[in-house]
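User: I have just opened this one and would like a careful walk through it. Could you take my questions one at a time?
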Amino acid sequence: MGKWTRRGFITAGVLTTGALVVGVGIRPGHRAPKLAGMVTSEDETLINAWVKIDTDNVITAIAPHSEMGQGAQTAITQMLADEMDADWEKIAFMEAPATEEFANYALAREYAAGNLTLPRFMEGTVDGVFMAMTKRMELQITGGSTSVRFTGQRGMRIAGAAAREMLIKAAAKDWDVPATQIRSEDAYLYHDASERKARYADFAAAAADYMPPAQPKLKSSADFKIIGKSKQRLDIPSKVDGSAVFGIDIDLPGMKYAAVKAAPVIGSKITSIDARGVSTMPGVVKIIKDDYFVAIVADGYWQASQALGQLDVRYENSPAKDLNQDAIFENFRQSMSAAVSEGKEKKDIAYGDARKALDSAAQVFEAEYSVPFLAHACMEPMNATVRIEGESAEIWTGTQNPLSIRNAVAETLGFKKDNVTLHNQFMGGGFGRRSSTDYPVMAAKIAAQCDFPIKMIWSREETTQQDWYRPASISRFKIGLDEAGQPVSWDQQYIDKLDPPEASHPIYNLSDVFVHYVESDHHIRFGPWRSVDHTQHGFYIESLVDELAHAAGQDGYTYRRALLADKPRHLAVLDATAKAANWGRTLPDGHGLGISIVESFGTICAQCVEVDMSNGEPKVTHVYSVADPGFVVNPDGFAAQIESGVIYGLTAALHGEITIEEGRVMQSNFHDYPIMRMADAPEIHVETINSGARLGGGGEPGTPPTAPALTNAIFNATGQRIRNLPVMTGLTSSV
Amino acid sequence: MATLIVNGVSHEIEADPAQPLLWALRETLKLNGTKFGCGIAQCGACTVHVEGQPVRACQTPLGAVDGLEVTTIEGLADADGQMHALQQAWIDHQVPQCGYCQSGQLMSAAALLAETPAPSDADIDRAMQGNICRCGMYGRIKSAIKQAALQMPQPSPEPAMQETGDIDAEETTNG
């Protein structure tokens, strides 16, 4: 935390309502996630955290992070509340609006209440530093497990601590006592010697006259009262009585409903439609043909979708139409071979000299692994509601990427950005899917042709077939081993380097490494999918290491330990996982136990999967997961994220497969893209380690270790190595 | 014209009898707690009770529920607003993540407990098999159902269950 002042700025002011607002602007010094189409600037991103103390002594945390069930809003509110000594029972969260100027004091003022009285010391800041920083921020994404790590750690804690110090200063002056004699608790200030007591709100206005501390003192973990506690999520009560409002639940006066269909070959154009008989169907109001989709607007969604089913749509004859699954993988293999034979490998990471070390290796181990395309399958189908009036547009949707959506809609409609307002809603699942701008842009195009608001809803089939997919990929390893079976040369080749860059970098102690890739050439669009590249590389590397272990006559746990001997955090996680699973015990007949360890988004997570193969098909009985995210802000919330990541990983590993034939996605709904259900869900044991290391993420790190731990367990049970996912396909094809 | 009795209130609905109940609840009655997930009775997000039985509203035509009692998530609490034991258990176990499937999960669970107040694990698995939770909170759902079951009144003589014909058949094949 010592370096934050070089990157961050604190500001404060008082609203005319008497509320105190303290804000922290931070450039986190962390490379923006270079997810396709989401980054408009190479500059560092700016994260903002604000706190508002209202006159009724209610404290509100304000930050630009949306809620898709990951509990981030609750966790970062805990971080604020603890540093502030707030009353947890009287605290709220408010999602910051989608505007790049949210970093900007003037806009925050407008947002938080309007008519802010600006303290004099702020004037230079508003026009100077903050404005300059504002221009850098074009990104406001919930993803990459960043909320707690950056906004919480570098924003909320500092804002809370600064606000508290300013309140104490104001009270000290009024009470004419030294600030050091004032203590704070549950949003009250106390001077015990004189038995004085006041609410934070009583000094909110006075506190704004003080310069925010340049470096507020943060609590040590021993003093935490709210951070590190399993506080109940703030959003959960509304999710048990049907009152939570998701994007799909928006209801506007005069609104009509749109059902849509895009070309089955993603990105292809629509050439013509035959609407005969459709326009007279009940409830149909409008038929819209765009270059890339058709929409039926009707009085009700069911009427719109019934009519859409009757519409005859013709598509262009795109070259992608000839592409099928086998050809995609065959192209991968050819380009990989060609890159090596022609010396055209794209370097990912290299140290030592892997090729030279290979020449002197006692033995060489080679293996090829593959993973398929995957859809996100959010429970809430894609949807957006748009109202256009004159040169202004309002959008209601659930998104991980509000600012990009606002900008994309403004560009599509030719409106000024300032005239486009995004009202972000709860997301019925995100997992990376809701970071794309396609669905709100489509809704805006439909609304532009209507003189009433429209709610566009994609069918489940459209949601499955017009996704942005976890890429299919292949990886080849050529590993040089010494006589004892220890790796002396590590050569990995794979398809497509996306994000994050370290996903393909081995965590193991290796001397000679060359990791390289080739780029794919197909029309299936890339989308970030829970943990992004870690899902592929976790499976590749952790399957390979398991194979190396067995080739060396060792078990996967012991072999990994030796390769992680100089990494105490990894070892601690690995050991705790093996202990939790009682590694080495005699397993029931037909059972197998597999282990894996993946570091992603700053969190180290190891898992043991126990599988029962006695019926020939895998039945996962137990998953033991241990993670070290540095420090756990909300233990139960973190555990829930790991449990979720495990089930998400198991669904993908066992069943997940999007296949392409004639350029189209073949799967359409949950009958052919199955999701794990309760009867198949294992018992999940979660432990966490507070190592004190820099904070890691929670939403994604539970997923990458699951698939390899499962396939390693299947190998342990049956001797059958699954090198191609999903397991259910691999079991029948890779024998 | 169909008569819908939803959460105890009677409504006359002017709509095609083939239109699924889901859209009448959401668009006509503005009861948005019941969710659209798949449209083909594969995910359970639209689960409501018809005469106490869990059905998938996305595949239940209005014509099939004419005059019948429908209960949605908005009607799961009692008339005084006291939460159903399941709802409190859902909070206690911090069940929802994204929360989108939870109305359907709760309605399936409530139907289970009404019929089987002390369900076994297998009973729970069977009753909940039609409900997908993409956030994977199955362990918590199961724990919460068990907690709520402890608070359910002991079985008394069963109220006569009304046959709901087609709806039940659809439910068992698709669910």
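User: Leaving aside its neighbours within four places in sequence, which residues is A:N690 in contact with?
Analyst: In this predicted model, where local features need pLDDT of at least 70, side-chain atom pairs count only at pLDDT 80 or more, and totals for chains, interfaces and linings use all residues, A:N690 is in contact (heavy atoms within 4.5 Å) with A:G630, A:F631 and A:V632. Residues are numbered from 1 along each chain as its sequence is written, chains are lettered from A and ligands numbered from 1 in the order written, and side-chain values use heavy atoms, with hydrogens and water left out.
User: What does the side chain of A:N690 reach?
Analyst: The side chain of A:N690 reaches the backbone nitrogen of A:V632, at 2.8 Å.
User: Why does A:N690 count as partly exposed?
Analyst: Because its relative accessibility is 46%, and buried means under 20% relative accessible area, exposed over 50%, and partly exposed in between (1.4 Å probe, protein chains only).
User: Switching topic, how many residues of chain B are in contact with chain A?
Analyst: On the chain B side 51 residues are in contact with 56 residues of chain A.
User: And how many salt bridges are there across that interface?
Analyst: The rule, a side-chain nitrogen of Lys or Arg within 4 Å of a carboxyl oxygen of Asp or Glu, finds 5 salt bridges across the interface of chain B and chain A. A:D636 and B:R140 also meet through their side chains in a salt bridge, at 3.1 Å from N to O.

Note on methods. Polar contact = N/O pair within 3.5 Å; in protein donor to acceptor, adjacent residues only side chain to side chain.
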